[in-house]
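Take a walk through this model, one stop at a time. Keep the 3D view open as you read.

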Amino acid sequence: MRRSAWSVALAFALTTAAMAEPLTLDEALAAVSADHPDRRMAESDLAMYRADRDQAASRQHFNLFLEGALRTGLRPNESPAYAGEWKPDNEARIVARKPLLDFGRSSNAVAAADQEVAARQTALFDVENLRRVDIMARFFGVLLADMQYAADNEFMAVAYVSWDNAKDRFEVGQISQPELMRLEADFQDIRERRNASQQRMRSTRQNLAHAIHRPGKPPTELAEPVLKDNARTVPEYEALLPWVMEKNPRVLALQAQLAAADARLAAIRAERNPVLDAEVVGGAYSRQSTTRDDLSAGLIFNIPLYQGGRMDARIARELAQRERSAAELEKLKLDLADTLLATLQEIEWLRGSSRAAADKQIEYRDWALERARAEYELELKTNLGDSMAETQMAQLRRKQVEYRLALALARLEALSGGSLPPVEGARE
């Protein structure tokens, strides 16, 4: 049987992995704050809305600008000698203007921007929680893939020995050709399953490398994690549900977006209000006039009288967007209630019947392995390889229970905004 170049390289890497420090779960989880694309996208959204907030706040900032005009004009009222001639009438002005009152435009725009920033900060926190769960899942996936490969490899070795021995027995007429063909078919099926497990070893390592943002550097060996939190006490559904509704990052983000929509509506409606600016102007003119001042200061009123249908259209659009956000929030709360119940039920099932069944299976397989080993030494049976493989499968099943339990608890924390409420009488 020929193996692929990658499988040979992986086997070599695994045999020499003792030379390198194995990757621990804590080290992998430290990559939550790494420069991963998911995090960068969330940070870009946050930076964009911070810029929008700065832009909204700049409405009240001091403005300074230069105005200039190159003109010529006909002066019919001047002396007869110059009557009918075009004369220069140029000007240059420096204008300083400061908004004083806009009756809610700026303040509501800033309030809306602040709420959008808060929503994106919460979304960034949610990305970190989700990445934590994703890294854990991919870390466990590598460990399970390695265990599955070891068991399937053992099954394949047993099947090959059975088929190889059967060929000798067929030559001397001890078994029929259909029986030999059945053994070969069994071997090929198990070999196919084993090769698929070998490929999963590579794909799960690549998935983990991408999750911790180390593309092209898949880990060769992982340290078995100590899952102390698997024994923690979790609150009942009725006690945890209001906590989740209050702390869930997605709920908080949508609530902030609703508040932002209300503030934007107030800012749009405030555009019907007057605006008061203070202005100071210094100018220079090519033609002197009694109606022009070299330096002037004053207050400028701007009172909107008619804006067509533009404002009504903007209000209608904002109301529609707000209604959508409100519907999303309501649907999210329904989904969270279902997800929370399913997660708590999964934890209860894993800690109860699933753990007990896996433990009993290990106990039975350990006994069967010892019996098979004794019979092998007495040359009564040759099923030692099968028993070893079945023992590995029982251990794999037990690991799956603990890994699923750890993931369920991590998802529960993510739903709760990163922390669970204290449970009365629980031991830490």
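In which helix is Ser197 found? The answer is helix α5, which covers residues 177–211. Bear in mind that the model is predicted.

Is Ser197 buried or exposed? It is buried, with a relative accessible area of 0%. The cut-off for buried is under 20%, so Ser197 qualifies. Its side chain has a polar partner: the side chain of Arg200, in a polar contact of 3.0 Å. Now look beyond the neighbours within four places in sequence. There, Ser197 is in contact with Gln148, Tyr149 and Asp152.

Next, turn to a pair of helices. Helix α4 spans residues 105–171. Helix α7 spans residues 249–269. The two pack with their axes 8 Å apart, at an angle of about 165°. Angles over 145 degrees count as roughly antiparallel, so α4 is roughly antiparallel to α7. Their crossing is left-handed. What kinds of residues form the contact of α4 with α7? They divide into 15 nonpolar, five polar and six charged.

The last stop is Leu341. This residue has its place in helix α8, residues 310–377. Its relative accessible area is 35%, so Leu341 is partly exposed.

Conventions. Residues numbered from 1 in each chain as written. Predicted model: local features only at pLDDT ≥ 70, side-chain atom pairs only at ≥ 80, totals over all residues. Heavy atoms only, no water. Axes fitted to C-alpha atoms, helices over the stretch in contact; angles between N-to-C directions. Helix = DSSP H or I, 4+ residues; strand = E, 2+ residues; numbered from the N terminus. Parallel < 35°, antiparallel > 145°, perpendicular 65-115°, else oblique. Left-handed = near helix turned anticlockwise from the far one by under 90°. Nonpolar A, V, L, I, M, F, W, Y, C, P; charged D, E, K, R; others polar. Buried < 20%, exposed > 50% of the residue type's maximum accessible area, 1.4 Å probe, protein only. Polar contact = N/O pair within 3.5 Å; in protein donor to acceptor, adjacent residues only side chain to side chain. Contact = heavy atoms within 4.5 Å.
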